[in-house]
Amino acid sequence: MRRYNLKVKKDVIYLFATVCLLLCDTMLYGQLAERFFKSEDIMLFGTYYYPEQWPREQWERDIEKMAEMGFDFTHYGEFAWGAMEPQEGQYDFSWLDTAVGLAEKHGLKVVMCTPTPTPPVWLTEKHPDVLTKNEMGIVIQHGRRQHASWSSDTYREYVEKIVTELAKRYGNSDVIVGWQIDNEPSHYGVVDYSDNAQRKFKVWLENKYETIDHLNATWGNAFWSQTYENFEQVRIPNARELPEKANPHAMLDFQRFCSDEVASFVNDQADVLRQYISPDQWITTNTMPNHHPVDPNRMDRLDFHTYTRYLVNGGDNGHGDQGFRMGSSNALAFHNDTYRNYPGKVYGVMELQPGQVNWGGYNPQPYPGAIRLWLYHVMAGGGKFVCNYRFRQPLKGSEQYHYGMILTDGVTPSPGGEEYMQTIKEMAALKENFDRNARMPEDVARRKTAILYDIDSEWEMNFQPQTWQWSSRGHLMKYYNTFKSFGASVDIISDNDDFEAYPVLVVPAYELLDNDLVDRWRQYAENGGQLVITCRTGQKNREAQLWEMKLSEPIYELIGAENLFYDHLPPDKWSVVKMDGNDYAWNNWGDVVTPKSGTDVWGAYDDQFYEGKAAVTHRKVGKGSVTFIGADTDDGKLEKEVLKKLYAGANIKTLDLPEGVIVEWRDGFYIALNYSSEKQTIHIPDKATILIGSKELEPAGVTVWKE
């Protein structure tokens, strides 16, 4: 559901209109899959192509080869602004018309892209103020990509013009199946400190706070004489210009501002497109998961979201001695489970690794079968399509060493291309067993688990970790990995979503909250849900201010606590939590709880000056329960045992999958995926029909069955 940032008004008509908008959104999102994707399609396959990069006489050969390999669509234009508008106001789409025509001739659809990550040189030379500026005050030079400021009104004007021309030209083409806005909208880790950004940040603050006194009070500016007299005096917090860390409230607001800026950049393009394109053409963008400052929830005028993922690049050792060639089992799983729940409730993978890449710390060959494994994993998570980047490996310019579906000779399929062809054929054969209306089996439905995620809390904790051992994402992933080992279907949701659909709801380190959210958690438990809350939750309000009460006191009634404080240990010292006669080591973060009478203590600290105090508590609340896990361990063993005990007590049957093995259910299929470096045997009922693979899963192996 879209996040409408609406000020509270008493006008009844206004409120009624708002409710209508929200209801319309809900109905629209429920119809997306039916509108844009045929019910008989398991998953569609696409590949990136750059006609502007290759001799025109090779285009038809290449596009014909795509069709021969079984692809459903290709992908044009996201870096081609200079070819589309070689001089200001002089548009040339003739070459693109030819490429679209060739796709149509060979039975391929096209995803058309807006070319806004790469402004042409005539634009940046005429208007150098459109370029971003880094923390050193250096203007980023023309070249590469994502170097234009989202805060530049001039740049936005040129963007609107090129998007309008594209939309008018191709908005009613039957060949164009959908639109991608920009490409990986972000600045690739570079924060924009340009004059445009400085100006827009002040406007953003004034819109939020209205008066400078309100800002000063929220930021606590009376301390250290930080008080401002007007909004013009405020600057973007810049570590290079400060003697030590910035005001945390200023940093949180700046994170929010950056996220709003990139979201508005995407949303505004979607608004332009919708003025001209057919309702049968969808609109999306491809974001990079966990890449600052992107929050896809804010990009609420898209039909759905897609993501980019590269698993093998020297940065992920995976599982076992060959795991670096496959990546971790959670790499795609987590993003499937996240993007499936963004506005639109439909997702695709717009960029998936085709083989070796050129930009990693080191760039190993993927394990034989790994690319096929990833394709099945996208399907298992409910993806509607997967598109690889790219069809041909370039011979010159950037990304020379980045594999494609075709090798450097331009005609021979790469190993990744071969695995795509194999998977496309296999999924075509699976269609006769595909049932989009299949009912989720009861044991799978009982395990369905939601993780509540808040990007603002993560930003705040990352800026103020309190101990260098703390990892917000690592903390969350300990819980996520446990649920996947249980064979649970997991949804990563926001606090705008409905909690009642899930037997289990986990709230990991949800630092920023309000009393309304705590009330919703209480209602969820009272109605029969199993609520799990972890350390750091509820320490601050939504503006990252500590409560004027005991630490985390808003959650005390819920978890059954009288008091709570936290402790950290040095990285070379370990302490113990004892639960059910077993010892669990921790030294990172420990919330120490004094429980109220009637609260069960499942685990207690076994040393330090708070020996005997609660580390894990559990209490019945209405028809459900609330479990609090105060210790954050490195190995996750305590957390896993607590969750096993909780699920068993709630009569929720779980699996015990080996590390690196994932089992998902989708549309009548069970899909098992082996990311481990060893052969694994999986349990498949004798009555089941195995459609792909066998009970013995080789490394990078896939098995599909129906019961």
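Aspartate 182 is buried, at 0% relative accessibility. In this predicted model, the residue sits in the loop between β4 (176–180) and α7 (195–209). Its backbone deserves a look. Aspartate 182 has a positive phi of about 60°, although it is not a glycine. Most residues other than glycine have a negative phi.

Arginine 536 is found in the loop between β13 (530–534) and α17 (556–559). At 1% relative accessibility, arginine 536 counts as buried.

Now step back to the whole chain. The protein chain holds 18 helices and 27 strands. Its C-alpha atoms fill a box of roughly 80 × 75 × 55 Å, taken along the principal axes. How does the radius of gyration agree with that of a compact globule? For 707 residues, such a globule would have a radius near 27 Å, and the protein chain has 26 Å, which agrees.

Of the 707 residues, 59% count as buried. Take the contacts with a separation of 6 or more: residues 24 or more positions apart account for 72% of them. The protein chain exposes about 29,000 Å². Carbon and sulfur atoms supply 49% of that area.

Next come the charges. The protein chain carries 73 positive and 101 negative charges. Side chains of opposite charge can pair when their charged atoms come close. The cut-off here is a side-chain nitrogen of Lys or Arg within 4 Å of a carboxyl oxygen of Asp or Glu. By this rule the count comes to 45 salt bridges.

Start with a pair that spans the sequence. Aspartate 456 forms a salt bridge with arginine 256, and the closest N and O atoms are 2.5 Å apart. Which parts of the chain does this pair tie together? Aspartate 456 lies in helix α14 (residues 455–463) and arginine 256 in helix α9 (residues 248–274), so the bridge joins parts that are 200 residues apart in sequence. Both aspartate 456 and arginine 256 are buried.

Helix α9 also supplies arginine 274. Arginine 274 forms a salt bridge with aspartate 303, with the closest N and O atoms 2.8 Å apart. Aspartate 303 lies in the loop between β6 (286–287) and β7 (305–309), so this pair ties together parts that are 29 residues apart in sequence. Are the two partners buried or partly exposed? Arginine 274 is partly exposed, with a relative accessible area of 37%. Aspartate 303 counts as buried at 5% relative accessibility.

Arginine 522 and aspartate 519 both lie in helix α16 (residues 515–526). They are three residues apart, about one turn of the helix. The closest N and O atoms of arginine 522 and aspartate 519 are 3.9 Å apart, and the pair forms a salt bridge. Arginine 522 counts as partly exposed at 28% relative accessibility. Aspartate 519 is partly exposed too, with a relative accessible area of 32%. Bridges can also link up: salt bridges that share partners join Asp337, Arg340, Lys448, Lys484, Asp491 and Glu664 into one network.

Return to the loop between β6 and β7. Asparagine 290 lies there. What does asparagine 290 touch, not counting residues up to four places away in sequence? The answer is His335 and Arg473. The C-alpha atoms of asparagine 290 and isoleucine 455 are separated by 9.2 Å. Along the chain, asparagine 290 and isoleucine 455 are 165 residues apart.

Finish at threonine 482, which is found in helix α15 (residues 472–485). Threonine 482 is buried, with a relative accessible area of 6%. Leaving out residues up to four places away in sequence, threonine 482 touches Lys640 and Leu643.

Conventions:
Residues are numbered from 1 along each chain as its sequence is written. This is a predicted model: local features need pLDDT of at least 70, side-chain atom pairs count only at pLDDT 80 or more; totals for chains, interfaces and linings use all residues. Side-chain values use heavy atoms; hydrogens and water are left out. Helices (H or I, at least four residues) and strands (E, at least two) are DSSP runs, numbered from the N terminus. The radius of gyration is taken over C-alpha atoms; the globule rule is 2.2 Å times the number of residues to the power 0.38. Buried means under 20% relative accessible area, exposed over 50%, partly exposed in between (1.4 Å probe, protein chains only). Contact means heavy atoms within 4.5 Å. Accessible areas come from the Shrake-Rupley method with a 1.4 Å probe; for residues, only the protein chains shown count as cover. Lys and Arg count as positive and Asp and Glu as negative; His and the chain ends are not counted. The place of a charge is taken as NZ of Lys, CZ of Arg, CG of Asp or CD of Glu.
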